[in-house]
Amino acid sequence: MRSSILLAFTLLLGCAFPAFAQTPAAQPPIEQAMTPEQFKAAGLDKLSAEELANLNAWLNRTITTETTKAAEQAAVQAKEMVETENRGFFHFGSSEPIDAHIAGQFKGFRKGNTYTLDNGQQWRQTDTASLAGVRVENPAVKITPSLIGNTWYLRIEGYNTRAKVERVK
């Protein structure tokens, strides 16, 4: 599953960014894009042929520049969205913890427990860490990645014990 998500992420960026980065076809000259009435109302009928050509060249450069900026911004946003949605399945190089709350009651750590967070993520405990006798409603949690590999640890606010977890949804 993890490799399929990574493959989808790679394909998304690999296919989407070149499509965004292509320069658009030259805009039709402004005198063709506007009705004759609009052209005259804007005072453009008073321009010489050279002035009109310069205006059209400037418009094409501006459109190309703005389109390229928008494409780059869209690619960055798409990358950030994929990284955020798939955080925990992959490390993505970020050491920032995931701060959330467990939805509902937390009844302690136990290997195999699945913890559903208020952000929709689900994490399963993979180690034997124990926190017996604890009953907390919607506790704040911090899930932090390890320094090496794709290992994550969940800690309940107010307790020092942490459990090794893996993201399942």
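The structure is a predicted model, in which local features need pLDDT of at least 70, side-chain atom pairs count only at pLDDT 80 or more, and totals for chains, interfaces and linings use all residues. Residues are numbered from 1 along each chain as its sequence is written, and side-chain values use heavy atoms, with hydrogens and water left out.

The protein contains four helices and eight strands.

Six of the strands form an open, antiparallel sheet in the order 1-6-7-8-4-3. Its edges are strand 1 (98-101) and strand 3 (114-116), each of which pairs on one side only. From one strand to the next, the twist averages 35 degrees; the axes are lines fitted to C-alpha atoms, and angles run from 0 to 180 degrees between N-to-C directions. Two strands are taken to pair if DSSP finds at least two bridges between them. In general, the strands of a sheet pair through backbone hydrogen bonds, either parallel or antiparallel.

Within this sheet, strand 3 is joined to strand 4 by three bridges, and the two run antiparallel. Strands 3 and 4 form a hairpin with five residues between them, and Gly-120 in the turn has a positive phi of about 95 degrees. Strand 4 also pairs with strand 8, in the antiparallel sense and over three bridges. Here Gln-125 has Val-165 of strand 8 as its bridge partner. Strand 8 (residues 162-167) is in turn joined to strand 7 (residues 152-156) by four bridges, again antiparallel, and Leu-154 stands opposite Ala-163 in strand 8.

In a regular strand the side chains alternate between the two faces of the sheet. In strand 4 (residues 122-125), Trp-123 and Gln-125 belong to the covered face, whereas Gln-122 and Arg-124 belong to the uncovered one.

Of the 169 residues in the protein, 26% are buried, that is, under 20% relative accessible area with a 1.4 Å probe, counting protein chains only. The protein exposes about 10700 Å², of which carbon and sulfur atoms supply 55%; accessible areas come from the Shrake-Rupley method with a 1.4 Å probe. Among contacts (heavy atoms within 4.5 Å) with a separation of 6 or more, 59% involve residues 24 or more positions apart.

Note on methods. Buried means under 20% relative accessible area, exposed over 50%, partly exposed in between (1.4 Å probe, protein chains only).
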